[in-house]
Amino acid sequence: MNKILQNLHYTARAAATILSLIAMLCICPQTSCGKDDTPRPLTVVGCAHAGHFCKLNENGTPEGLLVDFWKLWSQKTGIPVHVQLTDWEQARRMVYSGEADVLFPAFKNPRLLDSFDFSSPLYSFPAYIFAAKDLSGVHDMGDLKGLRVGVVKDSIFGPLVTREAPFGTTVINYPDSEALIKAAILGEIHAFIDLMPIAKRYLVTLGAQDDFVYSPSPVGSFTVHAAVKKGNREILQQINSGLSQIGSREREELLSQWEGSRILGIPVSWKTLALGLGALGILLAAAFVCSWHMRRKVGKATQRLIAANEILHKEILEREKAEEELLKREKHQEQFFMSSPMGIAMQNAKGELIAVNPAFERIFGFSTEDIRTGNALKVIIPEISSDESERQQADLLQGKRIDQEGLRRRSDGFLINVHICGFPIVINNEVQGYYRIYQDITSRKNAERQLMHQAFHDSLTGLPNRTLFMDRLEHAMTRHQRNCQKPFAVLFLDLDRFKVINDSLGHEAGDKLILQISERLAICTRKSDTLARIGGDEFAVLLEDLQDISMAEQVAQRILAQVSAPMVIDEHELHTSASIGIVVGTDDRLQPENVLRDADIAMYNAKDAGRGVYRFFDKSMRLQATETMQLENDLRRAIERNEFELHYQPIININTGQVSSLEALIRWNHPERGMVYPDGFLQLAEETGLIIPMSMITVRTAMRQLSQWQSKGLTPADMSVSINLSASQFLQPQLPDAIEHAAREFNIQPSSIHVEITESAMLQCTEMAKRIINDLRRMGTSIVMDDFGTGYSSLSYLHQFPVDKLKIDRSFIMGMEDDDPESCEIAKTIVLLGHNLGMEVVAEGVEMEHHMNTLRQMNCDYAQGYLIAKPLPASKVDSFLASCPVQQPATQTTAWAS
């Protein structure tokens with residue numbers, strides 16, 4: 001019967017072929033035999049896995065709906081067509097590279113649109129969502145959330161799912177429809193989207209048409225095109241021209257042939273199938289149907305048994321694996337229980353001890369027998385911790401966890417600090433018992449206590465430090481605010497001249513002195529008082545519950561007496577004293593820092609009063625300290641802004657009356673206070689170290705001014721600059737280099753510079769002073785000893801420190817006004833001494849004609865003072881020098897930096 005159907009089919013196909021050839025001859029009757037006008041054949045390449053669209057048969061020959069469609073197109077156009085089928089990627093590359101002319105079947109997706117042009121449609125097919133029957137409710141794209149959805153790679157369905165399906169849908173690509181539908185049958189994906197003809201054909205072929213359902217409505221209608229390489233308009237026009245000649249009826253007939261049933265792999269039209277079925281007969285058809293249904297039932301039952309067997313085998317393997325894992329866990333828990341360094345005790349719901357690990361025995365010192373009889377639990381909990389232990393047990397029985405620290409007793413009665421963690425044992429939602437885990441933290445607690453002591457106590461004396469003192473002071477202030485009847489007081493004391501002892505005997509001796517002082521201070525205070533070492537040689541005492549203020553004064557007097565008593569340190573007898581500031585607690589200080597600050601201010605007032613005394617704080621001290629701090633800040637800004645200027649006072653030759661030099665005096669042009677004289681800021685500058693940058697400002701200003709006067713011709717070329725330096729300024733090792741650099745910058749000779757320094761400054765560091773003097777004299781700078789006669793005035797120092805000039809202090813000149821014979825004799829002696837040593841002598845502070853006459857009689861060389869002229873600003877010095885011609889004696893400018 002099959003052979004009959006085959007013969008009928010082949011006969012119909014042969015007739016169709018003959019009719020097509022006749023049609024071609026009719027369409028093209030003007031064929032020339034003498035001329036070859038055969039058009040160039042088209043190479044059409046397509047996917048070999050597109051179902052009955054196009055595929056390779058058993059002999060490797062292309063067949064399918066679209067293959068027949070191209071044959072029909074060739075008949076219509078007379079253009080030969082060579083059809084090749086391969087995988088989709090290879091087909092696309094062949095057309096793009098020019099190896100083939102046309103790509104089919106082609107859908108308009110973004111990937112192809114950039115590289116190909118598309119023909120008019122060949123066919124239009126609906127696409128549906130296909131899902132396994134056990135997945136009910138998949139009706140549209142919105143139902144795909146959380147599912148794995150398969151599509152053919154590079155088809156239009158991948159972008160469609162990405163665009164329209166909800167977030168959480170997973171798209172999986174397959175090379176062709178056959179691989180896609182096989183994956184769905186194997187359960188790799190939950191659903192797939194494909195054209196209805198292709199999907200139905202493969203589901204029927206694979207015997208799975210009853211295992212899948214498709215969506216009620218298509219997700220879209222998609223057209224099949226032919227595609228050419230972008231820009232190949234000639235071939236595209238040929239294709240579209242041929243397509244226009246193929247009518248819809250012819251297309252439907254081709255489609256009908258390939259959408260019908262298939263017998264022995266041969267496509268059969270509905271008419272042929274009807275003839276075949278009639279020939280087969282009703283009996284054979286019924287027998288075939290019954291046999292086919294029986295085979296399907298047997299096959300499905302077999303598949304279900306195989307699947308059930310696989311599931312059962314898998315469950316057995318999983319159960320064996322779970323039992324093995326459970327055994328491992330039990331071993332791990334047992335190993336952890338036995339080897340844990342922390343003591344673990346397991347108790348039942350009644351509190352009875354079930355088991356303990358070796359670490360528990362080691363921590364508490366109990367034997368296994370003691371633990372077995374239950375005596376351990378009775379002993380390890382001391383009375384002070386019994387309530388705490390009962391609360392822990394109650395929490396554990398309520399299913400709560402505990403994490404606490406407490407005290408427990410060892411078997412020898414010694415109390416130890418332990419950290420306790422507790423966990424309830426819950427079975428079937430019921431607490432059956434609990435674990436308690438003990439960690440001995442006694443060493444840690446001891447270390448914490450030691451660290452706490454170190455944090456709040458001085459390491460040398462063991463006294464409370466500043467932090468602890470401030471804490472106790474804050475509590476004292478709080479108590480005083482609640483009860484103002486009994487005041488408190490704070491004593492802040494600093495040892496006098498402690499730095500000298502520390503530097504001369506060493507820090508070890510200084511520490512021993514601090515220890516002895518702390519012991520003596522403890523004698524002067526009560527046990528309720530707080531004695532603290534604030535730092536270095538500073539101590540503070542907090543006195544509470546005073547009957548009256550006189551009690552604080554009595555304590556201060558006792559401290560001064562104890563501290564001033566001699567002490568022996570390393571066989572050296574030492575004497576020191578203390579300066580004490582006292583603050584009595586009042587309600588106007590809201591912070592303990594303010595109290596200690598005021599006591600510190602009062603202590604510095606005691607030092608200014610002569611040391612070894614005490615002073616009570618008053619508000620004027622705070623105002624003075626604030627003003628000093630403000631002055632220091634202003635002074636620092638003045639250096640940054642260069643608010644200083646120099647005034648110059650003439651020095652004359654006593655014999656000729658001519659101007660021989662100028663002394664420059666520093667002034668501070670304060671933006672708010674106006675002109676400030678040196679006695680208003682030089683002492684503070686010396687204390688804060690600001691005198692060093694100020695001296696450099698003075699040097700540079702005076703030398704710049706000297707250079708300007710020389711360029712104007714107001715002074716001779718050998719005019720010199722004297723710089724009056726304090727000890728801290730003079731003993732700077734870089735002083736000679738700084739002076740030489742400034743002289744070179746302003747184009748004057750270093751010999752034009754004279755440095756003035758007092759006797760006391762030279763004696764502070766004799767070796768350093770000698771070295772600096774020698775360096776200055778080596779480059780031509782002269783040395784002047786200022787305020788001579790007020791210091792040591794030792795002739796040996798004049799020999800050790802070679803100087804060029806002596807300056808008589810103004811105090812001796814002022815004594816001449818009262819006809820003081822001693823002042824006159826001292827001045828006369830200084831002049832005689834200077835001349836005998838080859839030095840010139842200058843007298844300063846000359847304010848009366850009587851002074852000038854007396855100095856002239858003494859043969860003094862130079863004089864300066866208000867009698868001659870007051871200090872003048874630089875702008876007025878120009879006119880002064882112009883009206884007073886300078887003669888041969890070298891003019892000297894003395895710059896005061898202190």
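**View 1. Helix H24 is followed by glycine 713.** The phi of glycine 713 is positive, near 80°. The model shown here and in the other views is predicted. An α-helix has 3.6 residues a turn, so residues three or four places apart point the same way. Arginine 700 also lies in H24. Its relative accessibility is 30%, so arginine 700 counts as partly exposed.

**View 2. Tyrosine 648 and tryptophan 709 form an edge-to-face aromatic pair.** The search of the whole structure finds 17 aromatic pairs. In this one, the ring centres lie 5.1 Å apart, with 70° between the planes. Tyrosine 648 belongs to strand E27 (residues 644-653) and tryptophan 709 to helix H24 (residues 691-712), so the contact ties together parts 61 residues apart in sequence. Tyrosine 648 is buried, at 1% relative accessibility. Tryptophan 709 is buried too, with a relative accessible area of 1%.

**View 3. Ring pairs link five residues into a cluster: Tyr128, Phe130, Phe192, Phe212 and Tyr214.** Another ring, that of tyrosine 96, has a charge over it. The charged end of lysine 229 sits 5.1 Å from the centre of that ring.

**View 4. Lysine 512 and aspartate 570 meet in a salt bridge.** The N to O distance is 2.8 Å. The structure holds 31 salt bridges. Lysine 512 lies in helix H19 (residues 507-523), while aspartate 570 lies in the loop between strands E23 (567-569) and E24 (572-574), so the pair ties together parts 58 residues apart in sequence. Both ends are partly exposed: lysine 512 has a relative accessible area of 33%, and aspartate 570 has 42% relative accessibility.

**View 5. Glutamate 756 forms a salt bridge with lysine 807.** The closest N and O atoms are 3.4 Å apart. The pair links distant parts of the chain. Glutamate 756 is in strand E31 (residues 753-758) and lysine 807 in strand E33 (residues 805-808), 51 residues apart. Both residues are buried.

**View 6. Aspartate 529 and arginine 526 meet in a salt bridge.** Their side chains are 2.8 Å apart, N to O. Aspartate 529 has 10% relative accessibility, so it counts as buried. Arginine 526 is partly exposed, at 33%. Elsewhere, a network of salt bridges links Glu405, Arg444, Lys445 and Glu448.

**View 7. Phe288, Val289 and Trp292 form a nonpolar patch on the surface.** Together they have about 290 Å² of accessible area. Phenylalanine 288 lies in helix H11 (residues 282-339). With a relative accessible area of 55%, phenylalanine 288 is exposed.

**View 8. Methionine 621 is found in helix H22 (residues 619-641).** Its relative accessible area is 8%, so methionine 621 is buried. Alanine 602 is 19 residues away along the chain, and the two C-alpha atoms are separated by 6.9 Å.

Key:
Residues numbered from 1 in each chain as written. Heavy atoms only, no water. Patch = residues over 30% accessible without salt bridge, like charges linked within 9 Å, V, L, I, M, F, W, Y side chains within 5 Å. Areas by Shrake-Rupley, 256 points an atom, 1.4 Å probe, with all protein chains shown as cover. Salt bridge = Lys/Arg side-chain N within 4 Å of Asp/Glu carboxyl O. Helix = DSSP H or I, 4+ residues; strand = E, 2+ residues; numbered from the N terminus. Buried < 20%, exposed > 50% of the residue type's maximum accessible area, 1.4 Å probe, protein only. Phe/Tyr/Trp six-rings, centres within 6.5 Å; stacked < 30°, edge-to-face > 60°. Lys NZ or Arg CZ within 6 Å of the ring centre and 35° of its normal.
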